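Please open the structure in your viewer and keep the selection panel at hand. The tour moves from one selection to the next.

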Amino acid sequence: MAAQALALLREVSRLEAPLEELRALHSVLQTVPLSELRELAAELRLGPLFSLLNENHREQITLCVSILERLLQAVEPVHVARNLGADLQRGLTHPNDSVKILTLSQVGRIVENSDAVTEILNNAELLKQIVYCIGGDNLSVAKALIVEISSLSPESLTYCTTSGLVTQLLRELTGEDVLVRATCIEMVTSLAYTHHGRQYLAQEGVIDQISNIIVGAESDPFSSFYLPGFVKFFGNLAIMDSPQQICERYPVFMEKVFEMTESQDPTMIGVAVDTIGILGSNVEGKQVLQKTGTRFERLLMKIGYQAKNASTELKIRCLDAISSIFYIPPEQQTDDLLRMTESWFSSLSRDPLELFRGISNQPFPELHCAALKVFTAIANQPWAQKLMFNSPGFVEYVMDRSVERDKASKDAKYELVKALANSKTIAEIFGNPNYLRLRTYLSEGPYYVKPISTTAVEGAE
């Protein structure tokens, strides 16, 4: 079949009006596995197919786009960047949207591939042309691509800003259309993942504008459309820069997060919980949360309540946030931080360890794993080890392999055992026999099954 496809492709490249051959090639390609096409990738001559897109024949264009979509999946992005640059440039300015989208998706593949993107970055002219070609486009895929290209390097950001594309995106971010605003903030957040992107957003006053929109959201009945994205933006910004500086400079951010946890809307609660998890994922962020004092303790109580009573999805988000907030790498543990996490833990509920154990016993693998992740997050902290040791049946629960039925759960339990076994204080707190049992579990691996001993019975065959 692959050989037949190749023969038809050669036939198409010889003819001026190969409509019949294109139809045949199109139907043959539906039956050829991608793996076979990849083996023939070096022989695929795609230039002629791109040329056929330039003719004003609707069926021909539709067939060529569909064929190219399939064949290009078999071609490495580096090859596309190196050999089809001129075809891509023409495709970006094509009057037909399906051709543009096909071309943009290929540029997207190149941008996401570290080897292929070098081809574009080393060719300033091509990069500039790609940016300007995308320029007049309002397709959301084009905007997303512009952000990806802007994120590559300070130079590529300069091309994108001089073309007016980033400015247009930022204008829409602060514009009146709340739905457009919601998609724009996701793209701007992607830009903020790079140092040069954050610098640019700060210089242009964009971060201040986003902060002002959050302030004004109070009186906007449509704020629920864009507010989650704006709050997430600040959460990501804080963790990539300095949590303390961001929270001090934009106090409305923290204020809004606390406010959202009081909401009756599960979407708002979920975003607030995710943001707290992001913010508390490093030591500086934990200290910022600690400075809010009893407010944060009350917020922890709410997260503990939601972890027990919310929908499964929100329970998992709460458990993930708790894991993130409570984990401290061994080398960063100080007496003050350990006292802080111990005090936080007691704020979650009357008996937090039992709360999470109860959740882990529910018949949902995702919940089971998320609860085990909480135990793993605190497993290297002496106060938590004492709690575990003194909780009736907890040590047995950790050692019991029969509790976990699926691979993900077995892996999650193994991570907990590993965190306990590798802790410097575990032998002293759990006692040597339990420490040795943990080490045995660790050496046997996550999927060990105890052999069933068979005793010979006299007279048996």
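On a 1 Å grid over the protein atoms alone, a pocket is an open set of points with protein on both sides within 12 Å along at least five of seven lines, a cavity is a set where a 1.4 Å probe fits but cannot get out, and lining residues have an atom within 4 Å of a point. The model is predicted: local features need pLDDT of at least 70 and side-chain atom pairs count only at pLDDT 80 or more, while totals for chains, interfaces and linings use all residues. Residues are numbered from 1 along each chain as its sequence is written, and side-chain values use heavy atoms, with hydrogens and water left out.

**Second largest pocket.** Select Tyr327, Pro330, Gln333, Thr376, Asn380, Pro382, Ala419, Asn422, Ser423, Lys424 and Thr425, which line the second largest pocket. Its volume is about 230 Å³, a volume being the space filled by probe spheres set on the points, with points joined across faces, edges and corners. The lining has 4 nonpolar, 6 polar and 1 charged residues; here Ala, Val, Leu, Ile, Met, Phe, Trp, Tyr, Cys and Pro count as nonpolar, Asp, Glu, Lys and Arg as charged, and the others, Gly among them, as polar.

**Largest pocket.** Next, select Met399, Arg401, Tyr441, Glu444 and Tyr448, the closest to the centre of the largest pocket among its 16 lining residues. This pocket holds about 340 Å³ of space. Its lining comprises 6 nonpolar, 2 polar and 8 charged residues. Colour α29 (407-421) and α31 (432-444), each of which supplies at least two lining residues; α31 gives the most, with 4. Helices are DSSP runs (H or I, at least four residues) numbered from the N terminus.

The whole structure has 3 cavities of 30 Å³ or more.

**Nonpolar core.** Now show Leu46, Leu49, Leu201, Phe233, Phe234 and Phe356, which have the most contacts inside the largest nonpolar core, a set of 161 residues. Such a core consists of buried Ala, Val, Leu, Ile, Met, Phe, Trp, Tyr and Cys residues joined through side-chain atoms within 4.5 Å, where buried means under 20% relative accessible area (1.4 Å probe, protein chains only). Centre on Phe356: leaving aside residues up to four places away in sequence, Phe356 touches Leu319, Ile322, Phe345, Leu348, Ala371, Val374 and Phe375, a contact being heavy atoms within 4.5 Å.

**A loop residue.** Finally, select Thr194, in the loop between α14 (178-191) and α15 (195-203). Thr194 counts as buried because its relative accessibility is 14%.

Definitions and conventions: Buried means under 20% relative accessible area, exposed over 50%, partly exposed in between (1.4 Å probe, protein chains only).
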